[in-house]
Amino acid sequence: MAKRPARQFVCRACGAVSSKWAGQCEACGEWNTLEEVAVEPLVASSPRAGSSGRRVRLEGLDGMAAPPPRIQTGIGELDRVLGGGLVPASVVLVGGDPGIGKSTLLLQAACKMAGKGQRVLYISGEEAVDQIRLRALRLGVGEATLDLAASINVADIVATLEAEPDVRAVVIDSIQTMWLETVESAPGSVSQVRACAFELIRLAKRKGFSLILVGHVTKEGALAGPRVLEHMVDAVMYFEGDRGHQFRILRAAKNRFGATDEIGVFAMTDRGLEEVSNPSALFLAERRGNIAGSAVFAGLEGTRPVLLEVQALLAPKSGDNAPRRAVVGWDSGRLSMLLAVLETRCGVKLSGMDVYLNVAGGLKVAEPAADLAVAAALISAATGMPTSAGEVYFGEVGLSGEVRQVSQADARLKEAGKLGFDKAVLPRRIARGSARTKPPEGLTLREIGHLSDLVTADMEAE
């Protein structure tokens, strides 16, 4: 009688393996994420069981061959995040919320590559071929010579790709819908996603085509499926945005062939996604001057300077409840720290107020250089005095209230001057061995060393 395969339980959130089921994963703490999978034991008569392996050839760092040319997608913002384009035999994983525009972006990129004579295959496990054609017509790319297929069977997809010559890029939409008949579980499970991704990645490395996988995300925003999937691919990108805004941000979380701090900015229109070559002007397009609680932050996303509006609103707290702190687009913990510094070091009383902070435009700011702009918006809201309409802010604030220097100040100033700003508030710069770069013509600098300098200036203006 044949022995039944052994069973184990795998967490679909982190990939941890357990010998028995439990309501909570001991590794990551998530609830109801353990799934039962079958494990085929290695038979003693199997050639792999007694194989001792072959000796691996060792090589030095010298003698590296020139890298192959990248494949341009035809979308500049996408190429920027990729590091210059798709690398042959590389694997890119693109994740994002449902309906954010992942399939739209990749269909547009696939059609543009096909229009340049590249052989591109678009394989969907979620839509029929006619649905893809209708979407292409709506996006205005229906004339492209793109090869389409609708299938979830990985064995059929691999056989097709083996037989098709001169394939340069393949889009799989999405990896959670793929299915291997040799794995005893439903599509989307941990074992299926891992096995399907392994087969497709192995084929891409051997055949030399670029593979783009679309991935679903969980309600927390992380990529669904085993965490090992992110380690198997060469680049992981997240497509971010708010349904209430037209802006979409493509951000790299991992990239073996480029930087991980670049972003691509798109605008969602009735004709699909359009590139935003000057995001600063777009983020500030609806800004109204002479409003208390608003300040412009000269930020940096990768190598690209971006100007954003930071908005703050203060309101008396209601009853005996604790003051509320609501933040959109920034770190709530950093806001609490900045409020404590303003109250303790600068004498600005905010403990009895509800504080609402928003980064307009839907972009999430992570760099500490936004501290000074947030502080300026809070001080403006507390005093009722608007900041200057032609003034930008950037600088990191320490716990003692000191304003610290940040990287690439000259690039931030140049972007501010290009958009017509005439004043900049920044940390006091110290020249070390060389003269400081002159600011752009028409831009006046106000250098401060402590946050109290900003408070004092606003009090005097009042």
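In which strand is Val403 found? Val403 lies in strand β19, which covers residues 403-404; strands (E, at least two residues) and helices (H or I, at least four) are DSSP runs numbered from the N terminus.

The structure is a predicted model, in which local features need pLDDT of at least 70 and side-chain atom pairs count only at pLDDT 80 or more, whereas totals for chains, interfaces and linings use all residues. Residues are numbered from 1 along each chain as its sequence is written, and side-chain values use heavy atoms, with hydrogens and water left out.

The protein contains eleven helices and 21 strands, and its C-alpha trace spans about 90 × 55 × 50 Å along the principal axes. Of its 462 residues, 45% are buried, that is, under 20% relative accessible area with a 1.4 Å probe and protein chains only.

Val403 counts as buried because its relative accessibility is 9%. Leaving aside residues up to four places away in sequence, Val403 touches Leu372, Gly395, Glu396, Pro427, Ile448, Gly449, His450 and Leu451, where contact means heavy atoms within 4.5 Å. Ile201 is 202 residues from Val403 in sequence, and their C-alpha atoms are 48 Å apart.

UniProt, in an unreviewed entry, lists residues 67-217 as "domain: RecA family profile"; such annotations may be inferred rather than shown by experiment. This span is 40% helix and 17% strand, and its end C-alpha atoms lie 33 Å apart.

Two helix pairs can now be considered. Two packed helices are described by the angle and the distance between their axes. Here the axes are lines fitted to C-alpha atoms over the stretch in contact, and angles run from 0 to 180 degrees between N-to-C directions.

Helix α2 (residues 102-115) and helix α3 (residues 129-139) have axes that come within 11 Å and cross at roughly 75°. The two are therefore roughly perpendicular, a term for angles of 65 to 115 degrees. Ser103, Thr104, Leu107 and Gln108 of α2 make the contact with Ile132, Arg135, Ala136 and Leu139 of α3.

For helix α4 (residues 154-163) and helix α5 (residues 190-207), the axes come within 10 Å and cross at roughly 5°. This makes α4 roughly parallel to α5, the term for angles under 35 degrees. From α4, Val154, Ile157, Val158, Leu161 and Glu162 meet Cys196, Glu199, Leu200, Leu203, Arg206 and Lys207 of α5.

Conventions
Parallel < 35°, antiparallel > 145°, perpendicular 65-115°, else oblique. Buried < 20%, exposed > 50% of the residue type's maximum accessible area, 1.4 Å probe, protein only.
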